[in-house]
Structures are given as structure tokens and as C-alpha cells.
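Open the viewer and get your selection tool ready. We will walk through this structure one stop at a time.

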Amino acid sequence: MGEIAIEKIIMGSLFGAGAIQGFILGGILFVKKTKVPLPNRLLAFINFCFSIILIGTFYDLFNLYHQWPYLLIWPSLFWLLLPPSLYLNIATLLGYKYKLKLLDLLHILPILIMIFLWREVFFLSATERYLFLGNPDNFFNTPKRFYLQRMYTAQGLIYISYSIYLIRRFKKINLWRWTMFSNRQISFLLYAFVGMFVFVLIVDGSAMFRASRDLMPYQLWYSLPLVTCAFVYTISILILNNSSLFIKGVSLRKPTYKSKELPQTEVTYYLNELRELMEQEHIYLNPELTLSDISSRLGIKPRQLSKILKVHLKSNFYDYVNNYRINKTKEMFAEGKQKEWNLFSIALDSGFNSKSTFNRIFKKKTGYTPSEYISTIKV
């Protein structure tokens with residue numbers, strides 16, 4: 001008994017400290033000045049909600065509901081607010097959403113369902129609710145409670161999964177664009193959500209089955225709010241430590257700079273990506289390749305790519321691509337392919353679509369016709 005009491009004191013202390021920290025972090029996030037306040041206001045709301053959950057869990061751990069009966073049932077609603085709030089925070093933080101719409105009210109539908117199913121309990125007086133819930137057969141051992149647990153788990157897994165999808169998409173496609181996040185920070189955010197998904201699946205998911213719930217130690221059951229607490233507060237501190245977010249924010253659709261010129265960091269990125277497309281994927285071998293094809297692969301407008309080539313490489317699209325094709329032709333000549341294939345086959349294999357174009361460009365780039373160039377190669 002003594003050991004259990006000590007464990008409860010330790011866990012209760014963690015709940016209390018977590019509740020206080022949640023209110024502090026929520027307050028800082030709420031008042032922090034930023035160009036994009038919505039993500040931080042949502043994260044502040046999440047911290048406030050979780051502080052209330054931890055207070056309710058503290059009272060549940062020590063069976064103190066007789067001192068504050070109003071905490072019965074009501075904190076459960078905040079569990080249903082956490083997953084959609086986390087999703088909306090990620091969606092707005094990474095720029096997928098810029099404001100909340102009326103349709104977003106659908107995210108509170110599970111709460112309305114819960115209130116409807118237990119309407120006779122929620123609106124009892126504090127004393128009546130305490131007496132009613134004092135008998136486990138009135139609530140805790142009912143099918144409604146079982147379905148409630150399923151709703152908690154399913155909702156959490158769905159929202160966390162979609163949040164992971166948004167983070168992965170951001171990391172894969174848009175991390176380099178107009179973002180104040182480093183690759184390390186976005187990776188940490190991704191791993192945190194994946195870890196939370198696994199934890200919810202194991203602990204909260206297993207609680208849906210009566211046999212596992214009966215065998216589950218209470219310490220493990222109470223670890224769910226503690227781990228979620230660490231998860232939420234870690235994300236909050238990550239955002240607070242990234243002071244640049246409060247100045248410029250993150251945007252996927254609009255650049256944070258005002259000039260029409262691309263920043264040098266983005267130009268460097270595009271040039272590296274373009275070089276990779278040419279040297280690793282060899283897209284220049286496609287005779288039908290166009291400026292639009294490449295710009296679409298890079299995720300920029302054709303005129304932007306054209307300007308990058310003109311300003312930074314002193315070239316136009318066709319000269320740039322044909323340089324790679326001519327180099328490919330030279331490689332084939334050096335390998336002795338002209339002994340096995342005719343010049344037209346070599347031209348096609350280098351990305352040219354006609355012999356006349358091949359001869360003209362080869363002469364322009366090297367000063368020799370293909371036949372003359374071959375004669376200069378030492379066998």
C-alpha cells in the first residue's frame with residue numbers, strides 16, 4: 001500500500017506540475033506577438049485544455065470528486081478537443097490553412113455526440129452527478145462507456161495520422177520554400193507525431209478491449225495523459241524556441257519576401273535540383289522535353305526558370321539542355337559507339353529528335369561536324 005501511495009504522489013505531482021506548465025505555456029503563446037497568430041492561439045488553446053484534463057486526472061487519481069463534483073465527466077470533453085486542435089494547429093502552422101472556416105465546426109461533432117448520449121448526466125447538479133456516477137453500473141460498466149473509449153481512440157488515431165501526412169508532405173515538397181523551420185525541426189516534429197501515434201495505438205487502443213483493460217496496471221493507464229502532456233509541451237517549446245516563426249511565419253503559397261526577385265537561397269536550391277534532374281535522372285534524353293516540363297518538376301513557373309538560366313547560367317533553356325546532349329554524344333563517341341551505330345541512332349540516343357538538328361547543334365557547340373569530330377578521336 002505504501003509503495004502505491006508513493007507512486008500516486010509522484011504521478012499526482014507530475015499532473016500538478018503539468019497543469020501549471022500548461023497554463024504558463026498557453027499564456028505565453030496566446031500573448032506572443034506574431035505575424036501569423038492563429039497557429040499559436042490554437043496551440044495556446046491546446047495547452048489550456050490539457051491543463052484542465054490534468055487537473056481532472058489528478059482528482060480522479062486521488063478520488064477527490066466529492067470535493068469538486070463538477071469535474072466528473074466534463075474534463076472528458078477536452079480529450080475530444082485535443083486531436084482536432086492539434087491537426088488544425090499543424091495545418092495552420094505549416095500553411096495549409098490560413099484561417100478557420102465555418103466548416104471547421106464539424107470537428108466538434110464528437111463532443112456534441114457525447115453530450116447527446118450522456119445528456120441525462122451532463123446536466124445533473126454536481127451532487128446528483130456524484131451520486132449517479134458513484135455506481136459504476138450507471139456509467140463506467142455500460143456499453144456507452146465502451147463506445148466512448150472507441151471514439152476517443154479512433155478520433156485520436158485519425159487526426160494524428162492526417163497530421164503526420166501533412167508534416168511528411170511539407171518535409172518532402174515544401175520544406176525549402178519560404179519556411180522558418182529547419183530540416184531538423186520538421187523531422188523532430190514528424191517523429192514526435194509518429195511516436196504519439198504508436199503510443200495511442202498501444203495504450204489507448206488496448207483499453208477498448210475489456211480483458212486488456214482489466215489487466216492494465218493503473219500506472220500504465222495514467223501514463224497516457226503524462227505522455228500526451230510531454231508531447232504537447234515539447235511541441236509548444238519547439239515553436240517558442242523558433243523565434244523566426246513569430247516574425248515571418250510559415251507559408252506554402254506566398255513568399256515572405258516582397259521583392260519579385262527570388263532569394264539567392266531558393267535560386268541555389270533550384271540550380272542544384274536542376275543539375276540533379278540532368279545528371280542523375282538524365283531527363284535531357286527525352287527529345288520532347290520542354291521548359292514547362294522541367295519547371296513543373298521543380299515547382300516553379302516557366303518564366304522563373306527561364307530567368308534563373310539567363311541570369312545565373314548565362315544560357316537559355318535550349319542551349320542548357322543541348323549542352324548535356326552534346327556531352328552525351330561525346331561520351332558515346334569516346335566509347336566507340338559510332339563503330340556499332342550510325343550517327344542518327346547516336347543522335348536519338350542523346351536526346352535529339354532529328355539528324356539535321358543534331359548536326360547543326362553539334363557544329364555550333366564544337367566547331368566540328370560529327371564526322372569531323374570522330375576523326376579527331378585517337379583510337
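Predicted model: local features only at pLDDT ≥ 70, side-chain atom pairs only at ≥ 80, totals over all residues.

Residues are numbered from 1 along each chain as its sequence is written, and side-chain values use heavy atoms, leaving out hydrogens and water.

Start by selecting M114, I167, L189, F193 and F231: within the largest nonpolar core, of 60 residues, they have the most contacts. Such a core is a set of buried Ala, Val, Leu, Ile, Met, Phe, Trp, Tyr and Cys residues joined through side-chain atoms within 4.5 Å. Buried means under 20% relative accessible area, exposed over 50%, and partly exposed in between (1.4 Å probe, protein chains only).

Now zoom in on F231. Leaving out residues up to four places away in sequence, F231 touches L86, A192, F193 and M196; contact means heavy atoms within 4.5 Å.

A second, separate core has 20 residues, including L262, V267, I308 and F317.

Next, pick S51 in helix α2; helices (H or I, at least four residues) are DSSP runs numbered from the N terminus. S51 is buried, at 0% relative accessible area. Beyond four places in sequence, S51 contacts G18, A19, G22, F23 and Y233.

Finally, visit two loops. Most residues other than glycine have a negative phi. H282, between α11 and α12, has a positive phi near 55° and is partly exposed at 36%. K314, between α13 and α14, has a positive phi of about 50° and is exposed at 69%.
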